[in-house]
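Hello,

Here is the structure I promised to pass on to you. Have a look at it first, and then read on for what turned up in it.

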Amino acid sequence: MARYLVATTVVAAAAMFAAAGQSNAAGQCAARTDIIKALGEKFHESETARGLVNRSVILEVFVSEQGTWTILATDTHGLSCVISAGEGWDHTTQGGRAAGYLSTLLLC
């Protein structure tokens with residue numbers, strides 16, 4: 001089930017980036033810095049996790065202490081698209097691993 005959810009999210013991210021070039025994904029895409037600023041100011045969300053979709057796209061998860069969450073797909077040019085957002089985030093821990101390669105791909 002988890003693999004199905006991940007696969008669905010990856011396909012959605014790819015679709016978002018394909019559409020972003022044509023229609024800017026109905027206003028859901030913008031510079032990563034602008035989206036992160038808005039998530040922080042409006043929802044008090046900060047980055048909690050990230051994963052590599054491919055060499056060009058990173059999936060990022062932003063979460064607030066109140067439980068709101070947003071998933072972004074960010075490309076290496078600094079364009080981010082909102083994939084999904086919601087409420088009721090539940091943190092789980094698996095031991096911290098260094099971000100390493102992923103950090104080098106992000107434009108901060």
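This is a predicted model, and its mean pLDDT over the chain is 76, with 60% of the residues reaching 70 or more. Over residues 2-8 the pLDDT stays under 50, and the model gives them zero contacts beyond four places in sequence. Residues 17-26 also have a pLDDT below 50, but that stretch has 14 contacts in the model beyond its near neighbours in sequence.

Now for the overall layout. The chain has 108 residues, of which 32% count as buried. Its secondary structure comes to three helices and five strands, and from the N terminus on the order of the elements is α-β-α-β-β-β-β-α. If you take the contacts between residues at least 6 apart in sequence, 43% of them join residues at least 24 apart.

Let me walk you through the strands, starting with strand 2 and going on along the chain. Strand 2 covers residues 46-54 and strand 3 covers residues 57-63; the two pair in the antiparallel sense over seven bridges. A hairpin of two residues connects strand 2 to strand 3. One of the pairs to look for is serine 46, whose bridge partner in strand 3 is valine 63.

Strand 3 also runs antiparallel to strand 4, and seven bridges join them. Here leucine 59 has alanine 73 of strand 4 as its bridge partner. The hairpin of strand 3 and strand 4 has five residues between the strands, and in it glycine 67 takes a positive phi near 100 degrees.

The next pairing is that of strand 4 and strand 5, which is antiparallel as well and has six bridges. Alanine 73 turns up again in this pairing, as it stands opposite cysteine 81 in strand 5. Three residues lie between strand 4 and strand 5 in their hairpin, and glycine 78 in that turn has a positive phi of about 90 degrees.

How much of strand 4 is covered? Seven of its seven residues are buried. Trp69, Ile71, Ala73 and Asp75 point one way from the strand, while Thr70, Leu72 and Thr74 point the other way, and both sets are buried.

Glutamate 60 is found in strand 3, and it counts as buried because its relative accessibility is 0%. Its C-alpha atom is separated by 6.2 Å from that of alanine 73, a residue 13 places away along the chain. The other is arginine 32, which lies in helix 2 (residues 32-43). Arginine 32 has a relative accessible area of 7%, so it is buried too. Between arginine 32 and glycine 78 the C-alpha distance is 5.4 Å, although the two are 46 residues apart in sequence.

Which cysteines does a disulfide join? They are cysteine 29 and cysteine 81, with 2.0 Å from S to S, and a search of the whole structure finds one disulfide. The link ties together distant parts of the chain: cysteine 29 is in strand 1 (residues 29-31) and cysteine 81 is in strand 5 (residues 79-86), 52 residues apart. The angle about the S-S bond is 110 degrees, and the link is right-handed. Cysteine 29 counts as buried because its relative accessibility is 6%, and cysteine 81 does so at 0%.

Which element gives the largest share of the lining? That is helix 2, with five residues.

Enjoy exploring it, and do write back with any questions.

Best wishes

Technical notes:
Residues numbered from 1 in each chain as written. Predicted model: local features only at pLDDT ≥ 70, side-chain atom pairs only at ≥ 80, totals over all residues. Heavy atoms only, no water. pLDDT = per-residue confidence, 0-100. Contact = heavy atoms within 4.5 Å. Helix = DSSP H or I, 4+ residues; strand = E, 2+ residues; numbered from the N terminus. Buried < 20%, exposed > 50% of the residue type's maximum accessible area, 1.4 Å probe, protein only. Disulfide = S-S within 2.5 Å. Pairing = 2+ DSSP bridges.
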